[in-house]
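Work through the exercises below with the model open. Each task is followed by a solution in steps.

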Number of protein chains: 2
Amino acid sequence: MSLSSVNRRVLISILTSLPALSSPLLTIPALAQTTPSVNPLPSWNDGTAKRAILDFVRTTTDTASPNHVPAEDRIAVFDQDGTLWVEHPMYTQVLYCLERVPAVVEKEPKLKDVAPFKTVLSGDREAIARLSLRDLEELLAATLTGMSVEEFNAEAKKWIETARHPRWKRPYTELVYQPMLEVLQFLRDNGFKTYIVTGGGQDFVRVYAGQVYGIPPDQIVGTAGGTKYGYGKDGKPVLTKEPKLILNDNNAGKPEGIHLMIGRRPYAAFGNSTGDREMLEWTGAGSGARLKMLVLHDDAVREYAYGPAQGLPDSKVGTFTPALYDEAEKDGWTVISMKSDWKRVFPFEH
Amino acid sequence: MSLSSVNRRVLISILTSLPALSSPLLTIPALAQTTPSVNPLPSWNDGTAKRAILDFVRTTTDTASPNHVPAEDRIAVFDQDGTLWVEHPMYTQVLYCLERVPAVVEKEPKLKDVAPFKTVLSGDREAIARLSLRDLEELLAATLTGMSVEEFNAEAKKWIETARHPRWKRPYTELVYQPMLEVLQFLRDNGFKTYIVTGGGQDFVRVYAGQVYGIPPDQIVGTAGGTKYGYGKDGKPVLTKEPKLILNDNNAGKPEGIHLMIGRRPYAAFGNSTGDREMLEWTGAGSGARLKMLVLHDDAVREYAYGPAQGLPDSKVGTFTPALYDEAEKDGWTVISMKSDWKRVFPFEH
């Protein structure tokens, strides 16, 4: 899903639920993972979606198949927000950004009286909801840049270990979809290299993706800012994060980012919103068997229902629009129904 | 070595030796590679350089060592031009660019009378030598962008299979250093992920790096332009190469590119010029054992002698400057003498 298309209304809802204080530092718990087995996707119900995954892996790894893909070309890409983990009530990284505002203002007190910092500090939810996209970008720049890459990593790691989702009261890193963890593992067991291709910040996702998804930093493609090489007071080299956008990894930026970072067209792509459309199109336009899948949030009980699942054909609430649904139908993308296709949603459910 | 610091004088020398016609299409021959053995670096003479490599691998892979590095953090980066293959008399990619000028002019005949295209077509070596850096950039943009990524790959592949080096009359892809191929393999055998970090074009190097170095496209960090996602006349998605610079992967751009593409600090770095200085500094500034090595071109018989090896302390011919030599001494980087450290230079020598 797209950071730049962030619905400002979610800013209200999250501010209602901000924890008063950070919870004590916890380590990220090990998540349930599958091992190669007769049933590699145990959290999936039988159906079109599960069959599409199994058929794809069978045909691309069978050397006798016309769709066989050499091991070195087996590339699978996954959107993160709404595809691998919960994106409601708001993108985790935007929340991180808002929560960092007090620390930024403490370092630079004059910001206290300057919009949009003043607005965020006020806690005035209506005013925060009215912040423009430019305001949000200013907040992102101020809270996520101007520090060394090591400082950024340490800050983000500390936050991700302590922050809790308002609904489940659990770390965000536990709110990953167990069925998708199984897909990641199943693809890797079959020689696929798995990548995250996210509108979220590349450096932010890198902080926890190894532990949470088993995906190393160089396989995270995300919205990326520049860094500047220089020397600290002690003469030691420093890489400082700059407020300069190198890659806006949303929409057309996703295939462009894939080319920049991976250099090959994927054989499998998973998304959940219009921000993933071009990535799925690009994947689907390759020859042979290509797997294109969209997660539909239609489970108000176990997770959320939004987009077309709300039964509002012209709904603007989610970004899984009717037009995206139509393209999926027309081009043979497979829609994953959270409600029908997944036996369980989260690793902590039994 | 740096594309932007290209010595214009080499343009003259190469034009003297351009092959009149392309040679018949050849496949790239398989290169000699080592397999794990008691002597993993057979083309290296015993000495400081070989010992530095062996010691580094021993200490970083020994779980009992205080310098032990977990497998997922074992990152090794290699400059290409002058470090993995021959860079004289000029960068292979600049040559590719000049040789593509006639094809570009054929498609757009009005360029025939416009500088710098007119100059290149004239064959006037003195005039070509006077081309400015801006002229060269215009040539790079015209010859390497404005086409789909697939078209670029096909063109570059065809050229790299047919072009011949003027001195050895062999494909450029055979002019790789056998001792360095052994280092790449030795590091991989010990769990290191090997990357090329080159001032050359990322997409250009990706075309042959798999076959030549065993390094896949997503492990090539190079000077990179943007692409633009769109749709062709048939409605199919197209990624078009744009004349927009995203990453100038030289000097400070090397650690910046490493952060963008790899996201971790390397444990080993190999270079040969001032364009690699910041990459070696950045590598060396990490904790624990870090391997920093510089190839010195001091073998006029088997390859070339340039830089300080010419015995000219203030020589500007090479970019391995005396200042770089001093930094190497001071910071404990190991200089590899091509002449003394390498038993053989190329895979085709026996």
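**Exercise 1. A ring pair**

Are A:W85 and A:Y208 buried or exposed?

*Solution.* A:W85 is buried, and A:Y208 is buried too. Buried stands for under 20% relative accessible area, exposed for over 50%, and partly exposed for what lies in between (1.4 Å probe, protein chains only).

Before going on, note the ground rules. This is a predicted model, in which local features need pLDDT of at least 70, side-chain atom pairs count only at pLDDT 80 or more, and totals for chains, interfaces and linings use all residues. Residues are numbered from 1 along each chain as its sequence is written, chains are lettered from A and ligands numbered from 1 in the order in which they are written, and side-chain values use heavy atoms, with hydrogens and water left out.

**Exercise 2. Classify the aromatic pairs**

Find how many aromatic pairs the structure holds, then classify two of them.

*Solution.* 

Step 1. A pair of aromatic rings is described by the distance of the centres and the angle of the planes. Rings of Phe, Tyr and Trp (its six-membered ring) pair if their centres lie within 6.5 Å; planes under 30 degrees apart are stacked, over 60 edge-to-face, and the rest tilted.

Step 2. Count. Over all chains there are 30 aromatic pairs.

Step 3. Take A:W85 and A:Y208. Their ring centres are 5.0 Å apart and the planes stand at 25 degrees, so this pair is stacked. The pair links distant parts of the chain, 123 residues apart. A:W85 is in the loop between strand 1 (75-78) and helix 3 (92-99) of chain A, and A:Y208 is in helix 10 (residues 202-213) of chain A. Helices (H or I, at least four residues) and strands (E, at least two) are DSSP runs, numbered from the N terminus.

Step 4. Take A:Y177 and A:W342. Here the centres are 5.3 Å apart and the planes at 45 degrees, so the pair is tilted. This pair also links distant parts of the chain, 165 residues apart. A:Y177 sits in the loop between helix 8 (149-162) and helix 9 (178-189) of chain A, while A:W342 sits in the segment after helix 14 (338-341) of chain A.

Step 5. Check burial. A:Y177 is buried at 0% relative accessible area. A:W342 is buried at 1%.

Step 6. Widen the view. A:Y177 and A:W342 belong to one aromatic cluster, together with A:W44, A:W168, A:Y304, A:F346 and A:F348.

**Exercise 3. Charges over rings**

Which rings do B:R167 and B:R265 lie over?

*Solution.* Apply the test: NZ of Lys or CZ of Arg within 6 Å of the ring centre and within 35 degrees of the ring normal. B:R167 lies over the face of B:Y304, 5.0 Å from the ring centre. B:R265 lies over the face of B:W282, 3.8 Å from the ring centre.

**Exercise 4. The interface**

Describe the contact of chain A with chain B.

*Solution.* 

Step 1. Count residues. Chain A gives 35 residues to the contact (heavy atoms within 4.5 Å) and chain B gives 35.

Step 2. Take the area. About 3,000 Å² is buried between the chains, 57% of it on carbon and sulfur atoms. Buried area is the accessible area (1.4 Å probe) that two parts lose on being put together, summed over both. In chain A, the residues that lose the most area to chain B are A:Y229, A:H259 and A:L260, together 21% of what that side buries.

Step 3. Count salt bridges. A salt bridge needs a side-chain nitrogen of Lys or Arg within 4 Å of a carboxyl oxygen of Asp or Glu.

Step 4. Inspect two. A:R264 pairs with B:D218, with closest N and O atoms 2.9 Å apart. A:R265 meets B:E150 at 3.0 Å, N to O. A:R265 is in the loop between helix 11 and strand 5 (268-271) of chain A, and B:E150 is in helix 8 (residues 149-162) of chain B. B:E150 is partly exposed at 37% relative accessibility.

**Exercise 5. Salt bridges inside chain A**

*Solution.* 

Step 1. A:E161 bridges to A:K157, with closest N and O atoms 2.9 Å apart. The two are four residues apart in helix 8 of chain A, so about one helical turn separates them. A:E161 is buried at 11%, whereas A:K157 is partly exposed at 42%.

Step 2. A:R302 bridges to A:D299 at 2.7 Å between the closest N and O atoms. A:R302 is partly exposed at 22%, but A:D299 is buried at 4%.
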